[in-house]
Every structure is written in structure tokens, then in C-alpha cells.
Amino acid sequence: MFGYIVKRLVMIFPVILGVSFIIFTIVNLAPGDPAMMILGEGAKQEEYEALREEMGLNDPFFVRYFHYVADALQGNFGKSYRTNIPVFQEIACRLPYTVNLAVTSTLIAIILGLPIGVLSAVKQYTASDNAAIGVSLVLTSMPDFWFAMMLILLFSLKLRLLPSLGVESWRHFILPAIANSASTMASLLRMTRSTMLEVIRQDYVRTARAKGAKESRVVFGHSLRNALLPVVTVIGVNFGFSLGGAIVVEQVFAIPGLGQLMVNAIRAKDTPMVIASVLFAAIIVSVINLIVDIVYVYIDPRLKSRYVTVGAKRAMS
Amino acid sequence: MVGLLSTCLGFDAVEEIFALLSVFVHYMFKEGSIVRKGICSILLVLFTLVPALGEGALLVKESAKDSLLWGVNSEASSLDPSTSKDTITHMMMYQIYDALVKEDPEDYAKLIPGLAERWEFSDDRCEVTFYLRHGVKFHNGDTMTADDVFFSLQRSLESSYSSAISGAIDHFEKVDEMAVKCVLKYPSSLILDILTNMTYGIVSKRAVEEAQAAGVDFARNPCGTGAYKMVAWKSGDALSLERFDDYYDGPAAIKNLTYKVVPDPASGAIALENGTLDFYLVVTSDYNYMKGLDHIAWVKCPGVGLYHITFNVTQGIFSDKRLRQAVAYALNRDDIVLGGAEGYAEVADCLAPTSVFGYLSDFEWYRQDLDKAKALLAEAGYPNGFDVVFSMHDDSDYMKPAEVVQDQLRKIGINITFDKMSRAAFLENVGGKRNFVASLRMVNATVRDADSVLTRRFHSKMLGGGNNYSGYSNPEVDALIEQARVVFDKEDRRAIYRKVYETLREDVPLIPLFTNEILVFFNAKLKNVYPHPVYRYAVHGMYFDK
């Protein structure tokens, strides 16, 4: 198992290298001149050209990419064109807010989405099931931005219960986390319902009921455990979407996270910041995918016997 | 004695001393004789009076609330005057730094002494000597001298960020310990306005040199003479400032000032309404709703931006002057103001913002005349009109008036499609490479004079670089613009500008549309908020009413 994890971690490196090349290409091909963005309108043509030369923007593409990778491997991701702050320092300040938001919203989605999905499957074709499907449809269809604004209007403006912006306390993260969890919750609800419906029709579940097992043991002990595999995959995939969705939510709730940083960097053609932000997001998604794969091994006894038992045997020999 | 103690120790310390004394006396004379009670009473009175007396003498005005939370839609790029130029950054820097000359907070058109208590022009008006105010303190405790002023001004002059406003300045010189001279390339009537700009804010020379030696970015660790000093800067979140008690004009009433980044205008408006924010700059919708709220106040003033249509006069269909004139005749600019700016703008009849010196309110631009427009189209060989692409920055401030223009030009057969792009792409493609046929944009007067816009948009020396991107070049107009800069009589300058406008009206490289109004909303309890076209709000004079 340890060997499997190490192998997977090593495989992240070529993935990140590939991502860096793609994003470096896209950002450099996109229209916009960083020198004009920095100096703004009103500077002279020769001043723009001097700044471009100073920033190395006149070097060939592959020379610039090679220098970037060489510096990045030493932990130097460059300085922001806009603020002249080291990019790594800026991202290190912002990343915790985004990860916090993504983790909290994923937890909310799991806590609400899973039980409702189970209930919906167990009570198929009843009013509860129809309501759950309706809720999931609404949550999937609703734009994050609109949902966030509605939450602010209700809880911050009308009821004055929760703050509408900022990051000063845990209370400031309640509305953003709810807004960011909507689409993940909808996906989890539908997926859980779907897999549960498949599992509770299996023979071993019928056998468990016939043996007199309590309904709660049948549902949670036998059915849910087997239904979890695709659900865990959906959680992992949607965590990546949560990171992306955080961009919108951070704008609305004025959270100084990675999403807001990325948007501002793209608008300002702040190339080092854009590339590094995307790279860090890619690293997080890769690590989450790895965690999902590891969880898979421990949930599915068939995989566990292959990786854990085989690993133990190898260790013994 | 009380006053001396207060000055030496500070009012908080004096308050503490009297508190301790009163407690000491109380326990010493517990038996409660008349003499003892009398001494206690006197001490207690002093204990309460001293702080009240002290504070009344110290602060400009008392404020019911000691913290002001100000929402901005983007954070400062740099707090170093020599490496910043955007309006929002300068708004924040206005609290941290002072300039030699400043605007009267109650009437921004009036210039008053800042860090210079007076100035003298030479006879040929090519030199201005500024005599500095004595005893001005920097945030690091240093006293301002001519060394700091010369250092600040010269480094800003040499920076690329100041080139848009520094055309007239040749160099600065230190005259003596408390005087600095500005040497001009030509006599300029705009020099005092130029030096109010925060790009020429005065920094502590020692602070800059120490930052450089320590490898620390001065732009993130500012040190000026302003009414507020920086306490903390949480990137992307908030810039926290605190009252500078040694400010030369007396400490501000409000102790804490925080600029909070709120990127979304709708969220900012809600935060203002529910009391989270005390001030928000960019309320872009539902003005009438915000105006109707009792606990929200607002002020407005004309801005310094001129919204205009730009034609590429050297290539493409609009290289034919007749077609440009046809467009000018086809437009109803009153409707563009209503539809494009919700009525919060003023039609501009000259190629300058309506609020700056040099705008002539009696000058007449083309009035809508669809028959003349169609006749010009026919004369140019397009009797049925034509299709054209407008290259646009995809900001709603430009798209809204552009859509009204599109609707109006359809009536004479000109069909506009929009090529929308980001600001970065617009500056590169349109401003830099001039790959466009027509566009709608805004130009800000960086100095409140028509010269600022006329030079940038029409002088042939400003071709390229996002300035004169229409490609217009007319030696006669160049000469008139240069002549206006060196004339000091206001009527003579107006006469020169009139000639410029007449030529531009004939050639129509640009069509002026309107000057936007700056409308800002804030907590109604906040007083002494005076409108300003480029957000130079003096928080020093503000206070919260009870």
C-alpha cells in the first residue's frame, strides 16, 4: 500500500509539468500586454517597450518556459506583475481560505446530500422521494452567483442573522459554504439515490431482511457500504468543482481566496500569478484524487485484499 | 501643570495618574472629613475634566464612532507614489501621503498650500520655488526637510508611472534645507495641479533607503506625512490605517480607517445597506433605491472622464471624413446619456470632460440631423449604409452607451456588430496595435484641464501606446495644444481651445458623448463628505455624528 501511494505521488509530477506547459502556452497566447497593464494608458510607447524588455517578455517562448520551470523547481514562482510580491507568498496567504471553503462546502454536501439520498432511495416514489428529486433539480439549476445573492438578501439584509462579507470569524463562512455546496449536494443526492436503488435490490440485501436483520442494519450496514464506491468518486470530482465554484462565491462574499486572486490575475494579465494559481489548484485536485483512490482501497474489500494483503505479503518475504 | 503633563506624557497617561491619585486619596481619608472629601472631589473633577479638555484641544472634531470601514472594489497595487497611478490606489494613498499643493476638501477646484506653505514663480514662469512647512513629521518620527521632498519628487519624475502628467517638468532642485525648486521645460499653467497628484506624494527618504537596504518592499511599508499611517495590509482583504497623532494639521477625528476589498458591486451595496460598510464607491445599480434609504447619504459631482467614439482615421472605412461626420449627425446624445448612463451624465459638446478648465459650454457640436447624415453617406458612396465592427472593452460602462449608439445608427443604415474583449486585449489590440475600425471608450483627464485629454488623444507625439490610437495627426492642432500650455491668461487659453475644438469638429477623429457623474453612497451619520471627481476624499476632516 505504501508503495502504491508513493508511486501515485511521483506520478503527480508529470501531470503538473503537463499542466504548467498548457497553462503557460494559453496565458502567453492570450491577447494582452502585461507592460501596458502595469503602466496603464498614458505612458509612452518607448516606456512600454523598455518594460517589456526588462520583464523578459521579448525572449523566445521556450526560453521563457524553461526559465520558469527551472525557477519553479527551486521554489521560485516569480513575482506578481501587478504588486511585485512573490507569487508563492501571495498564494500561501490566500490558499487556506479557498481550501477551507471547499472543505466546508463538501462536508455540508455530504452531511445533507448522503442522508437525503438514502432516504429518497428507501422511500422511492413517495412524497419524500419526489421532494428530494425536486430539491436536487433546483440546486443543480441554480447559478451559484444567484444563490449566493439570495442567501445574503435573506440572512444578512432581511433577518440580520449572518454577516454578508469578510473572513473575520467562523460565522462569516456559513453563507459562502452553503452557497458553494449547492451543486455538490445535488450531485451527491442523486448519485446516492441511484446507487442505493441498485444495491437494495440485490439478493444479499433480500437475504439480510429474510434473516430478520433490522431495517437500519440493512440500509446502513449492508446497502450503503456497497453504494458508497461511486459516491466517493463523485465527492472527489466535485471537490475540484468546489474549488472552481469558490471563484464566484469568493467574489460575492469578498473572501480573499485563491479564486479571487486568479480572477484578478487573469484580468491584469499577471502571468506568473495565473500560472502558479492554476498549478496549485492542479496539485490540490491531484492529491484529492489520490486520497479518493486510497479510500476506495479501504472501502472495497476486493481492492483491499489486493493492495493491503499483497503489500503485507511482500513485506513479510 | 496639567497641560505640561498632558503634552509630555500624553492624555491617556495623565488620566491614569489622576485615577490612581483619586483612589489613593479616598483610602487615605476614609474617615470622610470635610477637608478630605473636598480634596477627593477636586481630584475627581480634575480626573474627569483633564481628558475632556485635552481631547477638545487635540482633535479636529469628536466622532461618535472611531472606526470607518470603507469598501473598495479592488485593492491598492502599490503604496509607493512612484509606482502607482490608478485612482483607487491614489484614494488610499491620499490618507497616507501629502503633496506640496492640495485641493481644498470643500471645493476641489481651489488649490491651497499642502506641505509647501507658499510658492513663487520666476519671472519667465519656468521655475517654481516651494517653501516647505516647518515641523511636519513623517510616520517614522523624522521631520520633513527639503532632502525628503527633493528625493520624493525626483524619483517620481524618473518613474514611468508619472509620464502621463510630467511632460512639462524638466527636473527638481534642492534650494536650501526648507525649499525645493521645480524647473519646467516650458512655462506651464498646470504645474500646481500636477503636483497635487499622489504620484508626487512626499515620502521619507530614510524610510525608502532603509527598506531598500533591508530588502523590504517600500510599496508594502509606506511612510508618509499623511493623517493616517498604515497598520496592516492583508493582501486581497483589507488595508488598515490608524490616525497619525502628530499630523501637522491636527489629528483626525476617526481613529481607525480600513479599506475593505469588496469586488462585487451588488454585495457592496447590500453591505452598505445593512451597516457592515460605512462607505462604498461603486454602487452601479438601483441608484433610486439607495437614495430612498434614510440611513444612507450620497454626494455627486461631475467626473473627469469623457466618453467618446473613436475612429481609426488612417485605415478602414472611417478614414473617409464624410462617414465620420455622418455618424456625428446621426446621434442623439441626450438619449445616449439616458440609456447609457441612466441619466447620471452630462452631454459633452467639446472634446474635453465638462468639468475641466477649457471645456466651453457655449461651443456647439453636431446636432442630430438624419437627413444630413444620409446625404453624407450617399456622397461617400454608401447610400444604403454599411456594416461595421466596433471593437469594445466588454465593460458595461461602455457596452450600455454603445448599444444605444448601435440602435441610433441603424436608422441611417449603419449596422454595428460588437467585437467584445477584455481590457488587456483591448489595450493591446486597439490601443497598441490599432487593429480596429471604431470603438467607444472613455478618457480621464489626469489633470483637470482640457490639455490632459487633447494631448493624449490628438497630439501626434502621442501616437500609439493606447493614447492617440485614432491615428490623428494635424500639425496645426499640435501647435495650438502646445501654445495653450504656455499661456497663463484664462481667456486667451479658452480662445486657443476654441480653435482646437473647431478643427476637431470638422475632422471628427472622435465624437464626444458625455461626462459621467461620480455618485457615491455612505453612512448618513458620516459627516464632512465632500464629492470629488477622482475620489480624493479627505478622511481627516470626517467624523461620525451621534
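Predicted model: local features only at pLDDT ≥ 70, side-chain atom pairs only at ≥ 80, totals over all residues.

Trainee: At what angle do helix H5 and helix H6 of chain A pack?

Mentor: Two packed helices are described by the angle between their axes and by the distance between those axes. In chain A, helix H5 (residues 87-122) packs with helix H6 (residues 127-141) at about 135°, and their axes are 8 Å apart. H5(A) is therefore oblique to H6(A). The crossing of H5(A) past H6(A) is left-handed.

Trainee: Which residues make the contact?

Mentor: H5(A) contributes A:Ile116, A:Leu119 and A:Ser120, while H6(A) contributes A:Ser128, A:Asp129, A:Ala132 and A:Ile133. Of these contact residues, four are nonpolar, two are polar and one is charged.

Trainee: What is the strand order of the open sheet in chain B?

Mentor: The order of its four strands is S4-S5-S7-S6, with antiparallel pairing. Strands S4 (116-121) and S6 (169-176) stand at the edges; each has a single partner strand, so one side of each lacks a neighbour in the sheet. On average, neighbouring strands are turned by 20° against each other, direction ignored. S4(B) pairs with S5(B) over five bridges, and B:Arg118 stands opposite B:Tyr131 in S5(B).

Trainee: Which helix lies across S5, S6 and S7 of chain B?

Mentor: Helix H5 (residues 146-157) of chain B does, running at about 170° to S6(B).

Key. Residues numbered from 1 in each chain as written. Chains lettered and ligands numbered in written order. Axes fitted to C-alpha atoms, helices over the stretch in contact; angles between N-to-C directions. Helix = DSSP H or I, 4+ residues; strand = E, 2+ residues; numbered from the N terminus. Parallel < 35°, antiparallel > 145°, perpendicular 65-115°, else oblique. Left-handed = near helix turned anticlockwise from the far one by under 90°. Contact = placed C-beta atoms within 7 Å. Nonpolar A, V, L, I, M, F, W, Y, C, P; charged D, E, K, R; others polar. Pairing = 2+ DSSP bridges.
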